[in-house]
Amino acid sequence: MKRIVLAASTAIALAATAGAASAAETATININAEVASKCGISASSSLISLEDITGTDAKVRSNVTEEIATKLNQAKVIPFCNKAGSQVKVERAVLALAGAVGTSTTTGGYAQFVRYNLDTSINGLPLDTTSVAGASTVAQPFGGHTSAGDANTHIKFVKAAAQGDAVASSNGSTPVATNWSSLTDRRLIAGSYTGYVTIELTPAA
């Protein structure tokens with residue numbers, strides 16, 4: 001009787017061994033990737049237009065800088081730099097009479113240039129100002145999402161805290177220089193005036 005039981009137990013053990021699956025084998029392949037330091041910028045418009053920038057006395061109106069800022073904000077300028085320490089340089093060219101000769105006043109003592117200055121920020125983070133020459137180093141990344149419908153993605157332009165008021169001007173060394181004079185007693189000569197604002201982004205190393 002004992003022999004029969006032992007024989008049966010041995011048969012069951014052999015059957016269990018024959019049907020067992022081998023242990024699973026795994027291989028893990030690690031992936032390394034990189035995101036380069038980058039900056040970029042877009043805008044919904046590359047042209048803004050203003051009405052007559054003078055009052056009835058032909059002198060620059062006091063709110064011209066605010067009007068420029070409002071129009072620039074409506075252009076929805078969307079920048080990004082994805083690494084801390086990137087540089088932003090915002091420059092404004094004075095508004096200049098079309099065909100202006102030289103940088104001084106013109107016939108009759110009229111001014112033919114208008115200086116103004118802007119400060120810029122994105123989502124409360126200061127970027128740069130046109131009242132100081134050169135670029136600003138921005139201490140953190142900015143522009144992390146792309147929705148044009150969210151004002152937090154846009155550069156915000158406001159009248160600069162320093163020399164922000166629009167004023168008749170002369171004798172700057174370049175159109176974007178910060179050394180244009182303040183001619184508060186001058187009227188503007190009639191004609192078409194043009195200028196521009198540039199935003200230059202340089203990725204951090």
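The side chains of lysine 159 and aspartate 165 meet in a salt bridge, with N to O at 2.9 Å. By salt bridge I mean a side-chain nitrogen of Lys or Arg within 4 Å of a carboxyl oxygen of Asp or Glu. This is a predicted model, where local features need pLDDT of at least 70, side-chain atom pairs count only at pLDDT 80 or more, and totals for chains, interfaces and linings use all residues. Residues are numbered from 1 along each chain as its sequence is written, and side-chain values use heavy atoms, with hydrogens and water left out.

How exposed are the two partners? Lysine 159 is partly exposed, at 33% relative accessible area. Aspartate 165 is partly exposed too, at 43%. The cut-offs: buried is under 20% relative accessible area, exposed is over 50%, and partly exposed is in between, with a 1.4 Å probe and protein chains only.

How many salt bridges does the structure hold? Five. Take glutamate 200 and lysine 89, whose side chains meet at 3.9 Å, N to O. Glutamate 200 sits in strand β10 and lysine 89 in strand β3, so this pair ties together parts that are 111 residues apart in sequence. On naming: helices (H or I, at least four residues) and strands (E, at least two) are DSSP runs, numbered from the N terminus. Glutamate 200 is partly exposed, with a relative accessible area of 43%. Lysine 89 is partly exposed as well, at 23%.

Next, arginine 186 and aspartate 185. Their closest N and O atoms are 4.0 Å apart, and they form a salt bridge. Arginine 186 counts as partly exposed at 29% relative accessibility. Aspartate 185 counts as exposed at 61%. There is also a network: salt bridges that share partners join Glu66, Lys159 and Asp165.

Now the sheet. Which order do the strands take? The order is β6-β5-β8, three strands in an open sheet with antiparallel pairing. Two strands pair here if DSSP finds at least two bridges between them. β6 (125-129) and β8 (155-159) stand at the edges with a single partner strand each, so one side of each has no neighbour in the sheet. From one strand to the next, the twist averages 30°. Angles run from 0 to 180 degrees between N-to-C directions, and axes are lines fitted to C-alpha atoms, for helices over the stretch in contact.

Look at β5, residues 118-122. β5 and β8 pair in the antiparallel sense over five bridges. Isoleucine 122 stands opposite isoleucine 155 in β8. Helix α2, residues 64-74, lies across β5 and β8 and runs at about 175° to β8.

On to the interior. In soluble globular proteins, nonpolar side chains tend to be buried together. A nonpolar core, for us, is a set of buried Ala, Val, Leu, Ile, Met, Phe, Trp, Tyr and Cys residues joined through side-chain atoms within 4.5 Å. The largest one has 30 residues. Which of them touch the most other members? Val88, Leu95, Val114, Leu127, Phe142, Phe157 and Leu188. The elements giving two or more residues to this core are α2, β3 (87-97), β5, β6, β8 and β10 (193-202).

Zoom in on valine 88. Contact means heavy atoms within 4.5 Å. Leaving out residues up to four places away in sequence, valine 88 touches Leu127, Asp128, Ala135, Ser136, Val138, Phe142, Ile199, Glu200 and Leu201. There is also a second, separate core of five residues, including Val94, Ala96, Phe113 and Trp180.

That brings us to aromatics. Rings of Phe, Tyr and Trp (its six-membered ring) pair if their centres lie within 6.5 Å; planes under 30 degrees apart are stacked, over 60 edge-to-face, and the rest tilted. The count comes to one pair. Phenylalanine 113 and tryptophan 180 have ring centres 5.0 Å apart and planes at 45°, so the pair is tilted. Phenylalanine 113 lies in strand β4 (residues 113-115), tryptophan 180 in the loop between β9 (167-169) and β10, so the pair ties together parts 67 residues apart in sequence. Buried or exposed? Both phenylalanine 113 and tryptophan 180 are buried.

Last, two loop residues. Alanine 161 sits in the loop between β8 and β9. Alanine 161 is exposed, at 79% relative accessible area. Threonine 174 lies in the loop between β9 and β10. Threonine 174 counts as partly exposed, at 37%.
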